[in-house]
Amino acid sequence: MNELIRRLKEQPDDGSIPDLVVAAEANSDVDLSRDLALLKGVWELRWSSATQPWLKQVNWLENIQILDPVNSRGMNLLRLSGPLGEVAAVTVEAEISTGGANRVGVRFRKGGWRGPALPGGRRLELFKTVNQSFPAWLDITALTNELRICRGNAGTTFALLKRHDMAVSDFF
């Protein structure tokens, strides 16, 4: 796993990452009844098997996922890297639940524009309710305090690294 983490940090477009992901999954034993505390945090997408550009890792875009399973909350956030990222972001908030040894259920609730923070802790936001017509889920296939690998209901595999410089409370 250490080699995978290093490549995700330094070379997220390295061609060996898919094989390293499979190896990490094979050597992992996720049980959310035991490992739930590891799931909480701010995670940054570093590699994905997806073809959609917003689900791929690129240097100019931060693709962040915030998970707070104890409070049944999750958030996906897309924003520009650097100082402009604080000005605006596309955000989707979700209600999450755990079921089975490694499954996280996802029910998207609202999404839209998330603007800058204002004095007093408020934030400019423009959200709309999301009408999700299908059940969504993630199977967590590898989980440490640094790395999370998961497979979504659409068949996409994601590798994310924990952002220890950010806290869940920064977003909720």
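A pocket is an open set of grid points where a 1.4 Å probe fits, with protein on both sides within 12 Å along at least five of seven lines. The model is predicted.

Q: About how much space lies in the largest pocket?
A: Rolling a probe the size of a water molecule over the atoms shows where empty space is left. A volume is the space filled by probe spheres set on the grid points. For the largest pocket, this space is about 810 Å³.

Q: Which residues lie nearest the centre of the largest pocket?
A: Strands β2, β3, β4, β5, β7, β8 and β9 each supply at least two residues of the lining. The lining comprises 33 residues in total. Those nearest the centre are Leu-55, Gln-65, Asn-76, Phe-108 and Phe-158.

Q: Is Leu-55 buried, partly exposed or exposed?
A: Leu-55 is placed in the loop between β1 and β2. Beyond four places in sequence, Leu-55 touches Leu-45, Ser-48, Ala-50, Asn-63 and Phe-158. The cut-off for buried is under 20% relative accessible area, and for exposed over 50%. Because its relative accessible area is 22%, Leu-55 is partly exposed.

Q: What is the distance in space, C-alpha to C-alpha, between Phe-108 and Val-130?
A: Phe-108 belongs to strand β5 and is partly exposed, with a relative accessible area of 23%. Its contacts, not counting residues up to four places away in sequence, include Asn-76, Val-92, Gln-132 and also Val-130. Phe-108 and Val-130 are 22 residues apart in sequence, and their distance in space is 6.2 Å.

Q: Why do the buried residues of α3 lie on the same side of the helix?
A: In α3, the buried residues are Leu-32, Asp-35 and Leu-39. They lie on the same side of α3 because the arc they cover around the axis is only 85°.

Q: Which residues does Leu-32 contact, leaving aside its neighbours within four places in sequence?
A: Leu-32 is one of the buried residues of α3. Contact requires heavy atoms within 4.5 Å. The residues that meet this cut-off are Leu-39, Thr-98, Ala-101, Asn-102, Arg-103, Val-104, Ile-140 and Leu-143.

Q: Which exposed residues does α1 carry on the face turned away from its buried side?
A: The buried residues of α1 are Leu-4, Ile-5, Arg-7 and Leu-8. They fall within an arc of 165° seen down the axis, so they line one face of the helix. What covers them includes α2, β1, β8 and β9. The face turned away carries Asn-2, Lys-9 and Glu-10.

Q: Which elements do the buried residues of α2 pack against?
A: Ile-17, Val-21, Ala-24 and Glu-25 are buried in α2. Their arc around the axis is only 100°, which puts them on the same side of α2, while Asp-19 and Ala-26 are exposed on the other side. The buried residues pack against α1, β1, β7, β8 and β9.

Q: What is the phi of Ser-72?
A: Most residues other than glycine have a negative phi. Ser-72 is placed in the loop between β2 and β3 and counts as partly exposed at 33% relative accessibility. Although Ser-72 is not a glycine, its phi is positive, about 60°.

Conventions: Residues numbered from 1 in each chain as written. Predicted model: local features only at pLDDT ≥ 70, side-chain atom pairs only at ≥ 80, totals over all residues. Heavy atoms only, no water. Helix = DSSP H or I, 4+ residues; strand = E, 2+ residues; numbered from the N terminus. Buried < 20%, exposed > 50% of the residue type's maximum accessible area, 1.4 Å probe, protein only. 1 Å grid on protein atoms, 1.4 Å probe; cavity = no way out; pocket = protein on both sides within 12 Å on 5 of 7 lines; lining within 4 Å. Arc of directions from axis to C-beta.
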